[in-house]
Amino acid sequence: MGAAAFFMGVDRVRSGARSRVRPRSHVRTRRWGRAGTGVYDGPGWWTFCAVAALGLAAFSALTPHRVWGVTSAAGYLAAAWLCARGRGVRTVVAVAAAGSAVLPLLVLVVLGRAQLEVEVVARSAGLLLSEGTPYSALPTGVEDFNPYLPGMAVFGLPQALLGASPATDPRLWMGAAFIGALALALPAGRGRWPYVGWLAACPLVALPLAVGGVDLPVAGLMCLGLAQAGRGRAGRAGLVLGLAAALKWTAWPALPVAVVLLAVMRRAPGAHREPVLRGTGAARRRPGTRQGPAECRAPGAGPFAALRCGAVAVVTAVALVLPAALRDPGAFHAHVVAFPLGLTDAVSSAASPLPGHLLATYVPGGRTLAVLLLAASALLVCVSLLVRPPRTASAAALRLALGLLLAIAFMPATRFGYLVHPLVLAVWAATRTMPGRATLLRTARLRTTATRPRTTVIRSRTTTTPLHRPVRKVLR
């Protein structure tokens with residue numbers, strides 16, 4: 001009877017532990033179903049996005065922009081209505097992303113409308129297959145110039161090979177490359193998808209996704225390259241950054257930032273460790289194991305890893321760019337160097353009223369002043385990398401975002417669409433910096449680490465620790 005009473009008491013203890021665990025786990029799981037109430041995911045945010053979209057539709061002279069403004073406003077208003085009714089964050093973000101990016105893209109593809117960049121990418125792919133270079137030998141108008149590096153023509157190859165159709169539209173492939181690279185750059189787990197959806201629904205990202213965003217694949221690959229560098233994978237980081245550098249000049253500043261990060265990361269143990277963003281549950285450490293400094297240190301960090309990353313990136317970029325440049329050096333210089341700098345007869349359409357463009361347009365000698373300011377800002381960023389180098393991938397992304405923001409502001413030929421680079425980098429850094437607290441995206445306030453259930457250990461009678469009260473009562 002004594003043994004039977006003892007095990008009956010143990011069963012009572014275990015059942016009590018289960019009863020205590022279940023409500024806590026249930027409460028934590030329900031938090032994923034709450035609608036956002038913060039500044040950047042509440043009804044006010046989605047209403048503001050709808051107003052901004054309608055404003056663009058009212059004042060823009062471009063047909064794709066007007067179509068996007070009208071269709072995306074409906075998606076934003078639907079997300080605001082669902083959020084006000086208390087729907088889940090995943091549902092609200094999915095509706096906003098579908099209404100602001102997917103639906104306008106389908107409408108524009110059916111109507112055959114796109115930004116000039118989409119036509120440039122498709123035509124460059126055809127020239128690459130027929131003449132071996134994506135650059136026209138005798139460009140006359142703005143639409144004949146291709147200011148992108150040869151790698152950008154890859155997104156037009158499906159249309160050049162299979163013909164024009166909705167499935168071969170370059171926007172689909174550029175959007176898929178951006179979403180895939182960004183998802184791989186975020187911490188592992190299904191909890192990363194609300195971040196991807198929110199970023200895709202942001203107007204600065206949803207607009208180029210629908211009308212034609214050549215900057216989005218570059219931004220996604222930069223995030224992925226910095227993520228690989230933060231994990232200590234120098235070779236993979238160099239390969240990804242080399243691919244980004246073969247698409248557009250704006251990706252080249254990411255290379256020195258990643259090299260500096262790899263060079264100094266050895267001094268910051270655990271810097272490459274990432275949280276796991278999960279909807280339910282989280283990874284646990286095996287009992288009885290201990291994590292020492294050697295395990296926290298990034299395996300691929302150090303000066304040699306930094307050199308390997310830089311070498312792989314340069315070799316990859318040169319291997320993709322050099323053949324087209326040697327095929328026709330004059331055309332390469334005219335398209336990629338002279339046209340973006342405003343040194344040709346054709347004027348670039350990148351003319352947003354930012355400081356660099358205003359100086360070059362309205363101030364005598366302003367173009368030279370804008371170039372000097374651009375060089376000074378680049379020098380200051382380089383000095384900051386040497387004086388106070390970033391020791392985590394998040395810090396590196398923020399430093400790169402600051403440098404790109406200054407470059408966009410002081411470039412003589414610039415546009416507001418280029419701001420997607422610092423935006424994507426800043427949001428990606430925020431998701432890595434504070435995954436368990438409130439960040440720019442309030443879905444981060446949802447618990448990303450599982451609450452460990454309380455367990456009761458029944459010790460033997462020889463120990464001095466008192467037993468649980470029901471067991472002790474039975475053993476008397």
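1. In this note a residue is called buried when its relative accessible area is under 20%, exposed when that area is over 50%, and partly exposed in between, as calculated with a 1.4 Å probe on protein chains only. On that scale Thr140 is exposed, with a relative accessible area of 65%, whereas Arg308, at 40% relative accessibility, counts as partly exposed.

2. This is a predicted model, in which local features need pLDDT of at least 70 and side-chain atom pairs count only at pLDDT 80 or more, while totals for chains, interfaces and linings use all residues. Residues are numbered from 1 along each chain as its sequence is written, and side-chain values use heavy atoms, with hydrogens and water left out.

3. The secondary structure of the protein chain comes to 20 helices and zero strands, where helices (H or I, at least four residues) and strands (E, at least two) are DSSP runs numbered from the N terminus. Of the 476 residues in the chain, 48% are buried. Among contacts (heavy atoms within 4.5 Å) with a separation of 6 or more, 76% are between residues 24 or more positions apart.

4. Thr140 lies in the loop between H5 and H6. Not counting residues up to four places away in sequence, Thr140 touches Phe145 and Ala346. The side chains of Thr140 and Asp144 are joined by a polar contact of 2.7 Å; such a contact is a pair of N or O atoms within 3.5 Å, of which, within protein, one must be able to donate a hydrogen and the other to accept it, and residues adjacent in sequence count only if both atoms are side-chain atoms. The C-alpha atoms of Thr140 and Asp345 are separated by 8.5 Å, although these residues are 205 residues apart along the chain.

5. The structure holds seven aromatic pairs, a pair being two rings of Phe, Tyr or Trp (its six-membered ring) with centres within 6.5 Å, described as stacked if the planes are under 30 degrees apart, edge-to-face if over 60, and tilted for the rest. One of them is the stacked pair of Trp46 and Tyr76, at 6.2 Å centre to centre and with 15 degrees between the planes. This pair links distant parts of the chain, since Trp46 is in helix H2 (residues 43–59) and Tyr76 in helix H3 (residues 63–84), 30 residues apart. Trp46 and Tyr76 are both buried.

6. Another pair is formed by Tyr135 and Phe332, whose ring centres are 5.7 Å apart with planes at 80 degrees, so the pair is edge-to-face. Tyr135 lies in the loop between helix H5 (116–131) and helix H6 (157–162) and Phe332 in helix H15 (residues 329–338), so this pair ties together parts that are 197 residues apart in sequence. Tyr135 and Phe332 are both buried.

7. H2 has 17 residues and reaches 24 Å from its first C-alpha to its last, close to the 24 Å expected at 1.5 Å a residue, the expected span being 1.5 Å times one less than the number of residues. The buried residues of H2 are Trp45, Trp46, Cys49, Ala50, Ala53 and Ala57. Seen down the axis, these buried residues fall within an arc of 140 degrees, so they line one face of H2; the arc is that of the directions from the helix axis to the C-beta atoms. On the other side of H2, Gly44, Phe48, Val51, Ala58 and Phe59 are exposed. The cover over the buried residues of H2 includes H3, helix H4 (89–111), helix H8 (193–201) and helix H9 (203–211).

8. A nonpolar core is a set of buried Ala, Val, Leu, Ile, Met, Phe, Trp, Tyr and Cys residues joined through side-chain atoms within 4.5 Å. The largest such core has 91 residues, of which Trp46, Val205, Leu226, Val424, Leu425 and Trp428 touch the most other members. Its largest share, 10 residues, comes from helix H10 (residues 215–230). Another core, of nine residues, lies apart from it and has among its members Leu149, Ala325, Ala331 and Val336.

9. In H10, 16 of the 16 residues are buried, so this helix is largely enclosed by the rest of the structure. H10 is followed by Gly232, whose phi is positive, near 80 degrees.

10. In helix H16 (residues 355–362), Gly356, His357 and Leu359 are buried. These residues cover an arc of only 160 degrees around the axis, which puts them on the same side of H16. The buried residues of H16 pack against helix H17 (366–387) and helix H18 (393–410).
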